Amino acid sequence: MGSSRWKVVAAVFFALVCSLSPVDADEHDHTYTDKEEVVLWMNTVGPYHNRQETYKYFSLPFCAGSQKTISHYHETLGEALQGVELEFSGLQIKFKEEVMQSTYCEIELDKAKRDAFVYAIKNHYWYQMYIDDLPIWGIVGEADENGEEHFLWTYKKLEIGFNGNRIVDVNLTSEGKVRLVPNTRIAMSYSVKWKKSDVKFEDRFDKYLDPSFFQHRIHWFSIFNSFMMVIFLVGLVSMILMRTLRKDYARYSKEEEMDDMDRDLGDEYGWKQVHGDVFRPSSHPLIFSSLIGSGCQIFSVSLIVIIVAMVEDLYTERGSMLSTAIFVYAATSPVNGYFGGSLYAKQGGRRWIKQMFIGAFMIPAMVCGTAFFINFIAIYYHASRAIPFGTMVAVCCICFFVILPLNLVGTILGRNLSGQPNFPCRVNAVPRPIPEKKWFMEPAVIVCLGGILPFGSIFIEMYFIFTSFWAYKIYYVYGFMMLVLVILCIVTVCVTIVCTYFLLNAEDYRWQWTSFLSAASTAVYVYMYSFYYYFFKTKMYGLFQTSFYFGYMAVFSTALGIMCGAVGYMGTSAFVRKIYTNVKID
């Protein structure tokens, strides 16, 4: 009880001081002296095909070594959210001191324990361990060809490589196959062999990377293909809009030279006719401005985290990527408040405090709501992914004591610095009626078609990202991800500008939501692709893994959609302001 209370207090303090920036995940500096204690942590165990369905290692009836005391332990918020459950193995390992095969404990195998091991073997359970932050994987056991007899691996043969006073390599070989027979004793043994290695400490994680997968020629070809599509699309958009806009400007200039009688008899049409309504506030401005602010913040977080990941190898520390993302999201809250608050003020909104609260808690509420739902399933399954109460308190403290105040600062700055409606055209008091147009110019059709090209520019990269998260791959090619992010933004802006131009040319001034939703529809295609990936690229099964997969894929797709929508709107807003600034309005 005292230990649990201490964890809650520690987690809250950890959140309040905002110490979520990436730090060493281990409790020491990865240097050892001869015969110094080296800790073997037992992490989790679970089915191979369901990477996120993990349980505590000792939830299976394994036994621990005799050594019970330990001097160092540290857990970050990112580890807690990712279900890292480090438990001491009890094995005595000392730096550069070899251990011959020796028994460290015995399992009294009754029927219940045998059934637990048999279930784990049938479902291809793997377990994970850590030595000096280096992950090690092993399989619980295996069945014979007929699946009738089941065997447990009882001998852990550890081979540890060192370079100077640092550990640079760890290998595990499972041996000692023993048949599972009820009412018997199974001896668990281990051995440790030390060998000198030429691997540098900075390069010790290279063995876990998979260059043949991530740097495959298909990956390079997809980037090149997307890049060529960007060049073609930008060129096409520039050519069409420049030529078309030049003709529009010429026609409108000619109309200016006509007298009133000729102008009244002339056939006026096009985007100039809606100049009195194009800057009219969007419907539901409170929700719209909150979405734009949240999208700008997500873009900022994505950009900063990718840059940090390119500079620092975040994959070398447990939970550091998630901790970095949470820290950056909290730190960039003023971005949300600035863009959301300024847009709401420009559209004449008066309930700015309500808009600030909605903008601040929109994304955290979506993520926490999904996590809360999945947490119930994780608790039912007794999975390690169940988020502890202390971690929930820490996340709530971050939302109320970090995100909300910073969002308030951004909102005040946005309203005062850029909240004035300095539109190039005056807004008419009475809305102009929208004329009938062809079916493919309707906003609903434009929204559905708008996300196809942006999705086409990223769907290959989605495969690599999905594989790294849902399978056993470490994503490390963040340069590719940065290129894809830039390509996605350019394609999204080009597509939304074209869609908006056609919409305004049809004398429909409802461009704000149309530009946002046509870009955000990319998320629908990404989520549809996640169904394909689940059924054809993975072997996941079970309620927990399925709900975890589709729940968090929905969160990812929604966040991506909000980001794309905000990027599309910001680009389109600049385009609309530009074309109406350059034309003479009576």
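Predicted model: local features only at pLDDT ≥ 70, side-chain atom pairs only at ≥ 80, totals over all residues.
Asp34 and Lys96 pair up in a salt bridge, with their closest N and O atoms 3.6 Å apart. The two residues come from quite separate stretches of the chain: Asp34 sits in the loop between α1 (2-16) and β1 (40-47), while Lys96 sits in the loop between β3 (87-88) and β4, so the pair ties together parts that are 62 residues apart in sequence. Asp34 counts as exposed, at 54% relative accessibility, whereas Lys96 is partly exposed, with a relative accessible area of 35%.

Another one brings together the side chains of Arg280 and Asp277, at 2.5 Å from N to O. Here both partners, Arg280 and Asp277, are buried. Glu507 also has a salt-bridge partner, Arg432, and their closest N and O atoms are 2.9 Å apart. Glu507 belongs to the loop between α14 (478-505) and α15 (511-520), and Arg432 to the loop between α11 (389-418) and α12 (443-450), so this pair ties together parts that are 75 residues apart in sequence.

Next come the cysteines. With a cut-off of 2.5 Å between sulfur atoms, the count comes to one disulfide. The partners are Cys63 and Cys105, with 1.7 Å from S to S. The torsion about their S-S bond is about 65 degrees, so the disulfide is right-handed. Cys63 is found in the loop between β2 (55-56) and α2 (77-81), and Cys105 in strand β4 (residues 99-109), so the bond ties together parts that are 42 residues apart in sequence. Cys63 and Cys105 are both buried.

What about Cys368, and which cysteine sulfur is nearest to it? Cys368 is in no disulfide, and the nearest cysteine sulfur, belonging to Cys399, is 5.2 Å away. Cys368 has 35% relative accessibility, so it counts as partly exposed. Cys499 is another case: the closest cysteine sulfur to its own is in Cys494, at 11 Å, which is too far for a bond. With a relative accessible area of 14%, Cys499 is buried.

Phe224, for its part, lies in helix α5, which runs over residues 217-257. A patch of negative charge also shows up on the surface, where Glu202, Asp203, Asp206, Glu312 and Asp313 gather. Within that group, Asp206 is placed in the loop between β10 (184-196) and α4 (211-214). Asp206 is partly exposed, and its relative accessible area is 41%.

Methods: Residues numbered from 1 in each chain as written. Heavy atoms only, no water. Helix = DSSP H or I, 4+ residues; strand = E, 2+ residues; numbered from the N terminus. Patch = residues over 30% accessible without salt bridge, like charges linked within 9 Å, V, L, I, M, F, W, Y side chains within 5 Å. Areas by Shrake-Rupley, 256 points an atom, 1.4 Å probe, with all protein chains shown as cover. Salt bridge = Lys/Arg side-chain N within 4 Å of Asp/Glu carboxyl O. Lys, Arg positive; Asp, Glu negative; His and termini not counted. Charge placed at Lys NZ, Arg CZ, Asp CG, Glu CD. Buried < 20%, exposed > 50% of the residue type's maximum accessible area, 1.4 Å probe, protein only.
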